[in-house]
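Open the model in your viewer and keep the selection panel at hand. The stops below say what to select next and what is there.

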Amino acid sequence: MNKMEIPKELIEKLKSAKSILFFTGAGISAESGIDTFRGKGGLWNKMSAQELASFDGFMKNPNLVWEWYQYRRKNVRETEPNAGHKTIAEFEKYFNDVTVVTQNVDNLHKRAGSTNILELHGNIERNFCLDCKTFYDVEKFIEAHEVPKCEKCGGMIRPDVVWFGEMLPQGVFAEAERKAIESDVCFIVGTSAVVYPAAYIPISAKEAGATLVEINIEPTNISHQVDFSIIGKSGEVLPQIFEMLEL
Ligand code: OAD
Ligand code: ZN
């Protein structure tokens, strides 16, 4: 990608920004080798979200769902954060107020070094008991090929991710909205922005006056509402923006 494609006005805006929010989705991890959900090669093109990512699906076939999450965990552990995640982590060193609001469950923002992360859809590195809500680190049942039983109450263990039809984690969404409203610049990176309530985050930012910057390999649902739409891979565009800031 040519440097000219990143607008100078965006760089100026960023230089004076006090609060920056990154709203991210599966696309930011694509360059790490993790499949996205929609679009070319998307998981939901070949697998059923209803079967694999809903509470009903889990109750119908718990071991299938458990195995699928074990598989994804293994996959995620074999990957590394890419230049996109790393650049976002770098922003924290130069700006006081940087928040990552992610729909991803892959833990890659954390592994890249970001510290201020709000996970809207949970984290694949945790499990919890359906009955007594005890949390377990992923290591605990890493070898299990069937749904494990809770050590305290015998209840079924499930991944700590948000499934279709479920509520977002208490307080996390509210905090994300608060940071969105405070933000001067809100990046929307690698998300189709079709899943609600998560997709309200950039809208809240815009309504409160933030400049919206989209980075995606193709236009999305939200492209017509953004101030700057940059077409390209997040692992290439974000480092270029950062470099242009000359920090
Ligand atoms: P999607 O799979 O819907 O969208 C991924 C987006 O990333 C698409 O718009 C792609 O064009 C874009 N993309 C792909 N590669 C890219 C790259 N290298 N650089 C930049 N952009 C790239 O994923 P999400 O928007 O995250 O929900 O999906 C939202 C939610 O739907 C997920 O959190 C998950 C899913 O069902 C739950 O698990 C609850
Ligand atoms: Zn329990």
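Start with the lining of the second largest pocket: its residues divide into eight nonpolar, three polar and six charged. Here Ala, Val, Leu, Ile, Met, Phe, Trp, Tyr, Cys and Pro count as nonpolar, Asp, Glu, Lys and Arg as charged, and the others, Gly among them, as polar. This is a predicted model, in which local features need pLDDT of at least 70 and side-chain atom pairs count only at pLDDT 80 or more, while totals for chains, interfaces and linings use all residues. Residues are numbered from 1 along each chain as its sequence is written, chains are lettered from A and ligands numbered from 1 in the order in which they are written, and side-chain values use heavy atoms, with hydrogens and water left out.

**Stop 1: the second largest pocket**

The volume of this pocket is about 320 Å³. Select Asp-160, Val-162, Leu-168, Pro-169 and Gln-170, which are the closest to its centre of the 17 residues that line it. β4 and β6 are the elements that give two or more residues to the lining. Helices (H or I, at least four residues) and strands (E, at least two) are DSSP runs, numbered from the N terminus. A pocket is found on a 1 Å grid over the protein atoms alone, as an open set of points with protein on both sides within 12 Å along at least five of seven lines; a cavity is a set of points where a 1.4 Å probe fits but cannot get out, and lining residues have an atom within 4 Å of a point. Grid points are joined across faces, edges and corners, and a volume is the space filled by probe spheres set on the points.

Now colour domain 1 (1–34 + 82–121 + 167–247) and domain 2 (35–78 + 127–161): the second largest pocket lies between them, because both give residues to its lining. The domain bounds come from an automatic or database domain assignment.

**Stop 2: the zinc ion**

Which residues are the protein donors of the zinc ion (ligand 2)? Select Cys-129, Cys-132, Cys-150 and Cys-153; the SG atom of each is a donor, lying 2.3 Å from the ion. Donors are N, O and S atoms within 2.8 Å of the metal (3.2 Å for Na, K and Ca); water is not among the atoms, so sites may look incomplete. The arrangement is tetrahedral because the four donor atoms subtend angles of 98 to 115°. Four donors count as tetrahedral if all angles lie between 85 and 135 degrees.

Along the chain, the spacing of the donors is C-x2-C-x17-C-x2-C. One pair links distant parts of the chain: Cys-132 is in the loop between β4 (122–129) and β5 (135–137), and Cys-150, 18 residues apart from it, is in the loop between β5 and β6 (157–161). Cys-132 is partly exposed at 33% relative accessible area, whereas Cys-150 is buried at 5%. Buried means under 20% relative accessible area, exposed over 50%, and partly exposed in between (1.4 Å probe, protein chains only).

Stay in the loop between β4 and β5 and pick Lys-133. Its phi is near 65°, a positive value in a residue other than glycine. Lys-133 is partly exposed, with a relative accessible area of 48%.

**Stop 3: the largest cavity**

How many cavities of 30 Å³ or more does a search of the whole structure find? There is one, and the space in this largest cavity is about 50 Å³. To see the lining, select Thr-102, Asn-104, Val-105, Asp-106, Asn-107, Leu-108, His-109, Lys-110, Ile-117 and Glu-119. Two or more residues come from each of α8 (108–112) and β3 (117–119), and the largest share, three residues, is from α8. By class, the lining divides into three nonpolar, four polar and three charged residues.

**Stop 4: a cis peptide bond**

Select Tyr-196 and Pro-197, which are joined by a cis peptide bond with omega about 10°. Pro-197 is in the loop between β7 (185–189) and α10 (200–207).

**Stop 5: helix α11**

Move to α11, where eight of 11 residues are buried. Among them are Val-237, Leu-238, Ile-241 and Phe-242. Glu-236 is also in α11, but is partly exposed at 40% relative accessible area.

Then pick Glu-246 in the segment after α11 (234–244). Its phi is near 50°, again a positive value in a residue other than glycine. Glu-246 counts as exposed, at 67% relative accessibility.

Technical notes:
Tetrahedral: all angles 85-135°; square planar, octahedral: opposite > 155°, others 65-115°.
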